[in-house]
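Open the model in a viewer and keep the sequence panel beside it. The stops below say what to select next and what is there.

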Amino acid sequence: MKIKKIAPSLLSADFSNLERDIKMLEEGGARLLHIDVMDGHFVPNITMGPIVIKSIKRVSNIPLDVHLMIENPGLYIDDFVNAGAEYLTVHAESDKHLHRLIQQIKTHHIKAGVSLNPHTPINILENILEDIDLILIMSVNPGFGGQSFIPQTFKKLKQLNKMLRDNNAEHIEIEIDGGIKLENIKELSDAGCDIFVSGSGIFNTENPKLTISEMIKKLK
């Protein structure tokens with residue numbers, strides 16, 4: 001049975017007090033730390049690389065969920081694995097040889113995920129379901145935090161869950177990223193999501209630690 005997980009996005013954390021924020025997230029009950037890696041090319045923003053992730057790994061007691069929003073991700077897989085990624089997700093749109101890219105991740109014996117932008121149909125994943133552990137559905141256009149949830153995502157989630165059932169692949173975790181808040185997390189859980197990435201929906205609240213705890217309650 002899959003366990004529902006809150007994965008706070010460190011993109012919204014206070015980078016001058018990152019260790020403090022990570023400990024706070026752990027105490028609140030977060031099961032993953034979501035790390036968005038952006039290169040300014042695949043998406044219009046630049047964030048962090050392996051050196052920063054290696055530092056995060058040293059102070060984190062929970063797994064690192066690294067989401068690569070970069071061009072030519074195959075060139076950097078080894079670097080991010082060595083930095084401490086335990087989940088490593090690449091975008092289907094970023095590499096025309098997706099199967100080879102997933103196999104490259106799997107050689108490191110970590111969780112391999114594929115992410116889809118809002119416009120990308122789920123059927124492109126049918127031929128690699130046997131190879132992946134995670135599907136990350138973007139419910140906003142990637143690149144910036146604080147965006148509003150795209151309502152059409154619910155239709156996509158319904159299609160995805162049907163595809164997984166039809167292919168006996170329901171063990172694959174479904175992650176959702178973008179516009180996730182206390183107000184919509186229960187509906188997304190009911191729609192079949194397993195991992196919930198939230199940045200501003202946690203950090204921009206009055207008590208982020210309490211917000212995580214309240215989110216967890218809604219998943220039960």
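A polar contact here is a pair of N or O atoms within 3.5 Å; within protein, one must be able to donate a hydrogen and the other to accept it, and residues adjacent in sequence count only if both atoms are side-chain atoms. This is a predicted model, in which local features need pLDDT of at least 70 and side-chain atom pairs count only at pLDDT 80 or more, while totals for chains, interfaces and linings use all residues. Residues are numbered from 1 along each chain as its sequence is written, and side-chain values use heavy atoms, with hydrogens and water left out.

**Stop 1: His 67**

Select His 67, which lies in strand β3 (residues 64–69); strands (E, at least two residues) and helices (H or I, at least four) are DSSP runs, numbered from the N terminus. Its side chain makes a polar contact with the side chain of Asp 36 at 3.2 Å and another with the side chain of His 34 at 3.5 Å. Is His 67 buried or exposed? His 67 has a relative accessible area of 0% and is buried (buried means under 20% relative accessible area, exposed over 50%, partly exposed in between, with a 1.4 Å probe and protein chains only). Now show what His 67 touches, not counting residues up to four places away in sequence: the list includes Thr 89, His 91, Ser 115, Leu 136, Met 138 and Asp 177. Contact means heavy atoms within 4.5 Å.

**Stop 2: strand β2**

Move to β2 (33–38). His 34, Asp 36 and Met 38 point one way from β2, Leu 33, Ile 35 and Val 37 point the other way, and all are buried. With 6 of its 6 residues buried, β2 is largely enclosed by the rest of the structure. β2 pairs with β3 in the parallel sense over 6 bridges; two strands pair if DSSP finds at least two bridges between them. Asp 36 stands opposite His 67 in β3. From β2, follow the chain through helix α2 (residues 50–59) to β3, a right-handed β-α-β crossover: with the strands pointing away from the viewer, the path from the first strand over the helix to the second runs clockwise.

**Stop 3: the whole sheet**

Colour the strands. The open sheet has 8 strands in the order β1-β8-β7-β6-β5-β4-β3-β2, with parallel pairing. β1 and β2 each have a single partner strand, so one side of each is left without a neighbour in the sheet.

**Stop 4: strand β8 and its partners**

Select residues 195–198, strand β8; Ile 195 and Val 197 on one side and Phe 196 and Ser 198 on the other are all buried. Strand β1 (residues 5–8) runs parallel to β8 and is joined to it by 4 bridges, with Ile 6 partnered by Phe 196. On β7 (residues 173–177), the pairing with β8 is parallel over 3 bridges, and Glu 175 has Ile 195 as its bridge partner. β7, helix α6 (residues 185–190) and β8 form a right-handed β-α-β unit. Continue to β6 (residues 134–138), joined in parallel to β7 by 5 bridges; there Met 138 is partnered by Asp 177.

**Stop 5: the nonpolar cores**

Finally, show Val 66 and Leu 88, which touch the most other members of the largest nonpolar core, a group of 62 residues. Such a core is a set of buried Ala, Val, Leu, Ile, Met, Phe, Trp, Tyr and Cys residues joined through side-chain atoms within 4.5 Å. A second, separate core of 6 residues includes Ala 7, Leu 32, Leu 134 and Ile 195.
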